[in-house]
Amino acid sequence: MTNSNDMPLAAKPIDRAAHRRSDEAWLDTAIQRSDTLILVLRNGEPFCAPDGGLTWFGPEALRLSSGAPRLFLGEDKAGTPVFALDLPPRFDLDASLIAGTGSFNDFRQAAARMTAMDANCACTARSLFLWHQSHRFCAKCGGQNGVIDAGWKAQCALCGAEHFPRTDPVAIMLAVKDGRALIGRQKFWPPGFMSCLAGYCEPGETIEQAAAREMFEEAGILCDPSQAEYIACQPWPFPSSLMMGFILPAGNDEIRIDSAELESARWVSRAEMREILDGTHGELFCPPPTAIAHHIMKVWALRDD
Ligand SMILES: [Zn+2]
């Protein structure tokens, strides 16, 4: 098993300090501290410096947009409060106080250039802000939801129901047999791009069962969920998945594609997989190290069983 804390986006560098979340007076003071750390996002995209690194602001970030929802991410090792602000979708960067100092960058590309702490903080803020944006109304009565608990909950103003941010478990897996592993591709991916297969866990099943079910549904490969080997997991803010990685011994090797899910799938040897990971395979390439798929493929490729 690989340590999930080593996964990109998954580092746990700050204390979430959940006991602070309902203390409005403490939060109001903390976000004004001269040493407070604030990152800002717009539409889930983090604001980054021209060199690509995440930009950390002090309390002056509060002047960017009055009333922007705030999220208390926690306290760093020195006890410094860490916040995120969700700037409005129409926030006009060119007309703002930070014009010319950076840009809102695509999360995938931005995260690849961030430190472990920055990537985790931006990942958490992106998931929560996107969740609030798509949960403005109460699922019980249709009333307007408000943000409470420093960004970690929503509450209906009409009926008082509390709503909790969701995390969707996804199984992501390699089936392996006789020194080969199965990789596949979706038709809208760039030519030659191949990855692990993956699918959402359904109500009433275990994540291992989801891995085996998806493997059979998408590629016709039979796997025994009790043989699933857990590798690691990774939060994946698109918008709120928890990717749980497995390697599964396959019972057959005849591929039967579900064309609604996959365009193609094929078995590759360890030597081929190492070339794919290194970028030296003439035909195929795979997700970058930001994604857990890369690590699952690498764990298997570097084994000598
Ligand atoms: Zn309600």
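1. A cut-off to start with: a residue counts as buried if 20 or more other C-beta atoms lie within 10 Å of its own. Please keep in mind that this is a predicted model.

2. Is Leu 85 buried or exposed? Leu 85 has 23 other C-beta atoms within 10 Å, so it is buried. You will find Leu 85 in strand β4, which covers residues 81-87.

3. Which residues does Leu 85 touch, once neighbours within four places in sequence are set aside? The contacts are Ile 38, Val 40, Ala 61, Ala 68 and Arg 70. As for Thr 55, 30 residues away along the chain, its C-alpha atom is separated from that of Leu 85 by 12 Å.

4. On the overall layout, the assignment divides the protein into domain 1 (7-134), domain 2 (136-165) and domain 3 (168-301). Taken over C-alpha atoms, the centres of domain 2 and domain 3 are 36 Å apart.

5. Helix α4 is worth a look too. Its 13 residues, 207-219, reach 18 Å from the first C-alpha to the last, close to the 18 Å expected at 1.5 Å a residue. Just after α4 comes Gly 220, with a positive phi of about 75 degrees.

6. Which residues of α4 are buried? They are Glu 208, Ala 210, Ala 211, Ala 212, Glu 214, Met 215, Glu 218 and Ala 219. The cover over these buried residues includes β9 (168-177), β10 (180-185), β11 (197-200), β13 (241-249) and β14 (264-269).

Notes: Residues are numbered from 1 along each chain as its sequence is written. This is a predicted model: local features need pLDDT of at least 70, side-chain atom pairs count only at pLDDT 80 or more; totals for chains, interfaces and linings use all residues. Helices (H or I, at least four residues) and strands (E, at least two) are DSSP runs, numbered from the N terminus. A residue is buried if 20 or more other C-beta atoms lie within 10 Å of its own, exposed if 12 or fewer, and partly exposed in between; C-beta atoms are placed from the backbone. Two residues are in contact if their C-beta atoms, placed from the backbone, lie within 7 Å. Domain bounds come from an automatic or database domain assignment. The expected span of a helix is 1.5 Å times one less than its number of residues.
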